[in-house]
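Notebook open, model loaded. I want to look up a sheet first, then the aromatic rings.

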Amino acid sequence: MLYKRVSANELVVGAPAKINLFLQVLNRREDGYHNINSAFQAVSLFDRLRMCRTGRSDEFLLRLSDRSTVGADLPCDDSNLVLKACRLLRARYDLPGGIAIELEKHIPVAAGLGGGSSDAAASLYAANVLYDLGLSRPELASLGLELGSDIPFFFGTGMALVGGRGEQIIETQFPLDYWVVLVTPATGVATGAAYAQLRRGLTNSKHPFSLPRCETVGELVEALQFSENDFEEVHLLSSTGHQRIKDGLLECGARLARMSGSGSTVFGIFDSP
């Protein structure tokens, strides 16, 4: 995770979006979560989080930057994962003083791109640096898992095979010499609602897809043709818009078009910008 230290009490962190090259929902767990099998890939679409330590005791403030291009209706109260992350660290490590945070939002909300999870990870990372907590990336990832299943990924290298509810992360190296076009419909999709529509039972599991070693983008795309995103069965049956987006991307030359996460963004993999 990239950051720039502005002063002793202030820094700026870049929070990247991610896409799911494939996503299987294997079964519902006893704890209410779902086991997944997926390949996460970070992409160069970033939110920016500016965090500043303040002298105001016990005061955490979050505001949306005027430079934001999305998220005008994003709540900036305690329901936001950014503030939840700060409060978790305060409770665990007795952080002194207050924190003021400005979130410059560019990753669409409820779009399957992990924007909220990435912002939360950036918040944990920034506080770790500003307060000299000395927490390792695995320790930060463990804290992140208490807040959301996708958060641990953002403390890695940006490419990983992900299993369990999100805590099983295997860093990988697949070809990266391709471009990604993201198309996000106006209507977002709540993750919980998307999972509810899948109706996966406790034992309704299937054989996990295994992504083989790939030396070229062509080999990667060919291998991904044998996988899918399970959430597409929900969205493509209920919304002709997603199918039109996929078809449009393929007509424009995409080597692969697929929905990311639980939706609603569809991405296309291209050879050139």
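In which sense do strand 9 and strand 10 pair, and over how many bridges? I looked it up in this predicted model: strand 9 and strand 10 (residues 266-270) run antiparallel, and four bridges join them. I picked out Arg258, whose bridge partner in strand 10 is Phe267.

Next I checked the sheet around them. It is an open one of three strands in the order 8-10-9, with antiparallel pairing. Strand 8 (179-183) and strand 9 (256-259) are the edges; each has a single partner strand, so one side of each has no neighbour in the sheet. For the twist I got an average of 20° from one strand to the next.

On to the rings. I count four aromatic pairs. For Phe22 and Phe209 I noted centres 4.9 Å apart and planes at 80°; over 60 degrees counts as edge-to-face, so that is what this pair is. Where do Phe22 and Phe209 lie? Phe22 is in strand 2 (residues 10-28) and Phe209 is in the loop between helix 4 (191-198) and helix 5 (217-224), so the pair ties together parts 187 residues apart in sequence.

Buried or exposed, I asked of Phe22? Phe22 is buried, at 1% relative accessibility. Phe209 is buried too, with a relative accessible area of 16%; the cut-off is under 20%.

I also jotted down an aromatic cluster formed by Phe40, Phe153 and Phe154. Lys18 lies over the face of Phe40, 5.0 Å from the ring centre.

Last entry: Arg165 has its charged end over the ring of Tyr33, 3.8 Å from the centre.

Notes
Residues numbered from 1 in each chain as written. Predicted model: local features only at pLDDT ≥ 70, side-chain atom pairs only at ≥ 80, totals over all residues. Heavy atoms only, no water. Pairing = 2+ DSSP bridges. Helix = DSSP H or I, 4+ residues; strand = E, 2+ residues; numbered from the N terminus. Axes fitted to C-alpha atoms, helices over the stretch in contact; angles between N-to-C directions. Phe/Tyr/Trp six-rings, centres within 6.5 Å; stacked < 30°, edge-to-face > 60°. Buried < 20%, exposed > 50% of the residue type's maximum accessible area, 1.4 Å probe, protein only. Lys NZ or Arg CZ within 6 Å of the ring centre and 35° of its normal.
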